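Have the viewer open as you read.

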Amino acid sequence: MVDLGIKIHNLDLKNPVMTASGTCGFGEEIADFFDLSRLGGLVVKGTTLKHREGNAYPRMAETPSGMLNAVGLQNKGVDNFIANIYPRIKDMDTHLIVNVNGSTIEEYVALTERLNELDKIPAIELNISCPNVKEGGMAFGISCPSAEAVVKAVRKVYSKTLIVKLSPNVTSIAEIAKAVEGQGADSVSLINTLLGMAVNAETRKPVLSTITGGLSGPAVKPIAIRMVWQVYNAVKIPVIGMGGIMNATDAIEFMIAGASAIQVGTALFIDPTIPVQIIDGITQYMERHKIQSVNEIIGSLQC
Amino acid sequence: MKKTVIDFLLLNNKQLNKDNFLLVLQSPIPVSDIFPGQFINVEIKDATEIFLRRPFSVLDVDYEKQTISLLVKILGRGSRKLTEAKEGQKISAIFPLGKSFTLPDKNDRILLIGGGSGVAPMLFLSKICGLDPDNVTVLIGARSSSDHIDITAYQPYGNFFFTTEDGSLGEKGYVTNHTVFIDRLTQFSKIYTCGPDLMMKSIGRTAIGKSIFCEVSLENMMACGFGVCLCCVEDTKAGHKCVCTDGPVFNVNDLKW
Ligand SMILES: Cc1cc2nc3c(=O)[nH]c(=O)nc-3n(C[C@H](O)[C@H](O)[C@H](O)COP(=O)(O)OP(=O)(O)OC[C@H]3O[C@@H](n4cnc5c(N)ncnc54)[C@H](O)[C@@H]3O)c2cc1C
Ligand SMILES: Cc1cc2nc3c(=O)[nH]c(=O)nc-3n(C[C@H](O)[C@H](O)[C@H](O)COP(=O)(O)O)c2cc1C
Ligand code: FES
């Protein structure tokens, strides 16, 4: 038997496969397709302090090997999450991680404090990288001082596992990663979507209501792997990698480049059973290569 | 009803007219209950630049043969590729998705209006609504007679009327110009429609004006089809709703029409 277990700070994950925020709802929407307890972790839809309607339609454009989205963090706010959703999902046998979003540092802090009360949420993923909101969002993730300020403020009120989700829309992602590590982040996850744009040649209009949106899917995979590798070499905390992972081989490539765990996002839209196929595929890979513990794969790149 | 990802077998692919094809897909396992308005999200394989699945309404189900029929109209790259699929080929689809039309009550007199590929759920509804065919009126619109598909198999389930924009079949004009729509609308207790947005808006507004129950099946660009991406929103009176899970069928009174 191969050992798929890994550790992200205080979290013992049964395997390195998680689902990415904004692509798996609250878990309930994909529960029909596979047994959620097989997942190493599930990162629920981005949550904000107050209800958000998100951006206007159209919010999606298909691109070669990927898609652009401009959902804009549509969610009913943290009170609704705690009152209505948390009781329904809290006993799922996997690590539930909430993706936290704010427009101001105070909002990030207030939201984190609310989530701190929930026993069955062992970690949060601080999203300082959403490209689809006007205030806050990515703005916090694209400069070291602002990223440091948010993480510092949140760290003061949060003692459980703090994962910080980084934006690829920067000159040096490794510098931002080092900056948030310096403020006490327990792990970094990357990448969020890449800022992109689609134009309709017939109408000469932008396809998305917001003009620009976030690119995800296989199209971003080489950039994501490059960034995981750079960040892995720059920090000591575990790196969670994502961006275009469609199968077990993709996942293993991320781990070789330095990811301790991976998240599956857009691939779920194509086939919601992909996480299970990836878990099984990693097991088979380890058996084939006579690898005992999945930890042996992490950062095993041979240059 | 549990949603599943299934590799169907393409049993039959028949061209009905220039742009429309009838695809019969067979499931390797028994198919769960499916109702008119529900759809399946089909993977288009080996097509460069096509990344996401494509949604298609269910036209018919045969539970014994474990088949689902689709009416596919060529609109762009994906639908064209799908209509080129060969019999015996595997086609992956996620289903059953979305909410169906509210089935009529025993004493209802219903009007079903379909335009373009929107006829698929209307034909399915006429077949399974369980009403006396005299109480089922179906109005189908298209550009020209050559765009209409053969509905002989559905003829026993209701009274069928046609419109064409060039007058080559049925009354000339849009479905909303048809005598049934202009003169007889208040005879119906429920109106159901699926088709182009402008057609449904015009029907919906008329129904609201006359206080007739009316459900429409909306189209929308979908990435997942099962409620996780939140891309497919319609701005309703209750805020943004997902067309794939809160719909595609909506009551017109809930929309900002
Ligand atoms: C719930 C639902 C049920 C549907 N049922 C049927 C059906 O029974 N039969 C049928 O022929 N078609 C149906 N459609 C429409 C069908 O999904 C589109 O024709 C198809 O997705 C177009 O894909 P394409 O690759 O050919 O188009 P593309 O080349 O991607 O785009 C060409 C044009 O097609 C339209 N389009 C693209 N994607 C969609 C989409 N997801 N929804 C609506 N329009 C789109 C856009 O106007 C676009 O400009 C349904 C759509 C929905 C949402
Ligand atoms: C429709 C959609 C919604 C998303 N919503 C969020 C979100 O709320 N919070 C977040 O941190 N990332 C969000 N993301 C980004 C993903 O979690 C992930 O970082 C990105 O899509 C790259 O991975 P992928 O290529 O596997 O999808 C979203 C992505 C998509 C496609
Ligand atoms: S298409 Fe993803 S939520 Fe509707």
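What follows goes through the ground rules, the ligands, the cavities and a pocket.

## Ground rules

This is a predicted model, so to speak of local features takes a pLDDT of at least 70 and side-chain atom pairs count only at pLDDT 80 or more, while totals for chains, interfaces and linings use all residues. Residues are numbered from 1 along each chain as its sequence is written, chains are lettered from A and ligands numbered from 1 in the order in which they are written, and side-chain values use heavy atoms, with hydrogens and water left out.

## Ligand 1, on chain B

Start with the shell, meaning residues with a heavy atom within 4 Å of the molecule. Ligand 1 has 19 residues around it, and B:Arg54, B:Pro55, B:Leu71, B:Gly78 and B:Ser79 are the closest. Strand E4 (54-57), strand E6 (67-73) and helix H1 (77-83) of chain B each bring at least two residues to this shell, with E4(B) giving the most, four residues. (Helices, H or I with at least four residues, and strands, E with at least two, are DSSP runs numbered from the N terminus.) Sorted by class, the shell holds nine nonpolar, six polar and four charged residues; here Ala, Val, Leu, Ile, Met, Phe, Trp, Tyr, Cys and Pro are nonpolar, Asp, Glu, Lys and Arg are charged, and the others, Gly among them, are polar.

Now the polar contacts (pairs of N or O atoms within 3.5 Å). A polar side-chain atom of B:Ser79 sits 2.5 Å from an oxygen atom of ligand 1, and a polar backbone atom of B:Pro55 is 2.6 Å from an oxygen atom of the ligand. For B:Gly76, a backbone N or O atom is 3.0 Å from a ligand 1 oxygen atom. On its own ligand 1 has 840 Å² of accessible area (Shrake-Rupley, 1.4 Å probe), and the protein covers 81% of that.

## Ligand 2, between the chains

Where does ligand 2 lie? It lies between chains A and B. Ligand 2 is surrounded by 22 residues, and the closest include A:Ser21, A:Lys165 and A:Thr266.

A:Gly217 puts a backbone N or O atom 2.8 Å from one oxygen atom, and a side-chain N or O atom of A:Asn127 is 3.0 Å from an oxygen atom of ligand 2. The protein buries 98% of the 600 Å² that ligand 2 exposes when taken alone.

## Cavities and a pocket

These are found on a 1 Å grid over the protein atoms alone: in a cavity a 1.4 Å probe fits but cannot get out, a pocket is an open set with protein on both sides within 12 Å along at least five of seven lines, and lining residues have an atom within 4 Å of a point. Volumes are the space filled by probe spheres set on the points. There are two cavities of 30 Å³ or more. The largest cavity holds about 500 Å³, and among the residues closest to its centre are A:Ser21, A:Thr23 and A:Asn69. Its lining splits into 16 nonpolar, 18 polar and two charged residues.

The second largest cavity comes to about 40 Å³, and H1(A) gives the most to its lining, three residues. A:Lys76 is one of the residues lining that cavity. A:Lys76 is also among the residues closest to the centre of the second largest pocket, as are A:Glu29 and B:Asp246. That pocket contains about 780 Å³ of space, and its lining has eight nonpolar, 11 polar and 11 charged residues.

Terms used:
A polar contact is a pair of N or O atoms within 3.5 Å; within protein, one must be able to donate a hydrogen and the other to accept it, and residues adjacent in sequence count only if both atoms are side-chain atoms.
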